[in-house]
Amino acid sequence: MTRKKVKLAYITDDSARKATFKKRKKGMMKKLSELSTLCGIDACAILYSPYDSQPELWPSPLGVQCVVARFKKMPEMEQSKKMVNQESFLRQRVAKGNEQLKKQLKDNREKEITQVMYQSLTGKGLETLNTVDFFDLGWMIDQNLKKINKRIESLKKEAQSLAAAAAAAAAAGQLIIKNGGKVPEEKPAFDTMDAIQGQQWFGFAGYDMMLPFGDANQNAIWPNGFFP
């Protein structure tokens, strides 16, 4: 069973107000004790009420004096940095509520104008709109056009990237097909030397030039600079 939300308003009934005070005071003291124990901080509380002649001090009069003395040693700017009273606290709450209200009104207005825009695309007339509505509708259309153009540019860049990748893959595939389905490998230099050394060589007595056996047109493996 969910707890009922408490309405923050002054309790007019005396007995109910007194019972609430005792209950809330006990809960606040418990929370202060838990906060001090779990986080290792110094805390104190001074409670004045119409039901007691003397203020109630937590955790003790000596503990309150230590915390207050430590607080007074701080610079004045530091003392009032995060200090709020009831008036300033309510002002902060009101300002926060106004900001949330403005945001919600803006969201509702955008949804309303968006609905009008979609209805106009189906053929519904715009005779009921006033000048402010037309301005808001124009702004909404501009925002949607900007989003569409941005999406188009993004898709163009993606298509260009995919086309470049596909062209590179196609070029690599053609190269593999030309080589009989095998990726071409560069042969090291010593393989070529072994093939050359494995040939039969025929030499002519008295000449330093050596030609491969059976080479009748002087096309030597190593070209000679003097005999083209």
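This note walks through a few features of the structure above, point by point.

1. A word on the model first. It is predicted, so numbering starts from 1 along each chain as its sequence is written, local features need pLDDT of at least 70, side-chain atom pairs count only at pLDDT 80 or more, and totals for chains, interfaces and linings use all residues. Side-chain values use heavy atoms, with hydrogens and water left out.

2. The protein has six helices and four strands, where helices (H or I, at least four residues) and strands (E, at least two) are DSSP runs numbered from the N terminus. Read from the N terminus, the order is α-β-β-α-α-α-α-α-β-β.

3. Next, some totals. Of the 228 residues in the protein, 10% are buried; buried means under 20% relative accessible area, exposed over 50% and partly exposed in between, with a 1.4 Å probe and protein chains only. The accessible surface is about 20,600 Å², and carbon and sulfur atoms hold 59% of that (Shrake-Rupley method, 1.4 Å probe; for residues, only the protein chains shown count as cover). Among contacts with a separation of 6 or more, 30% join residues 24 or more positions apart; contact means heavy atoms within 4.5 Å.

4. Have a look at helix α4, residues 86-121. Its 36 residues reach 53 Å from first C-alpha to last, close to the 52 Å expected at 1.5 Å a residue (the expected span is 1.5 Å times one less than the number of residues). The buried residues of α4 are I113, V116 and M117.

5. Both ends of α4 deserve a glance. After the helix comes G123, whose phi is positive, near 105 degrees.

6. K25 sits in helix α1, residues 14-39. This lysine is buried, at 18% relative accessible area. Its side chain makes a polar contact with the side chain of E56 at 2.8 Å. A polar contact is a pair of N or O atoms within 3.5 Å; within protein, one must be able to donate a hydrogen and the other to accept it, and residues adjacent in sequence count only if both atoms are side-chain atoms. Setting aside neighbours within four places in sequence, K25 is in contact with L47, D52 and E56.

7. The structure holds one aromatic pair. F21 and Y51 form this pair, which is tilted, at 5.5 Å centre to centre and 45 degrees between the planes. (Rings of Phe, Tyr and Trp, the last by its six-membered ring, pair if their centres lie within 6.5 Å; planes under 30 degrees apart are stacked, over 60 edge-to-face, the rest tilted.) F21 lies in helix α1 and Y51 in the loop between β1 (45-47) and β2 (56-58), so the pair ties together parts 30 residues apart in sequence. F21 is partly exposed at 22%, and Y51 is partly exposed at 30%.

8. Q79 belongs to helix α3, residues 76-79. The side chain of Q79 reaches the backbone oxygen of M74 at 2.8 Å.

9. Finally, the cysteines. How many disulfides does the structure hold? There are zero, taking a disulfide as a pair of cysteine sulfur atoms within 2.5 Å. For C66, the nearest cysteine sulfur is that of C44, 9.8 Å away. C66 is partly exposed at 49% relative accessibility, while C39 is exposed at 52%.
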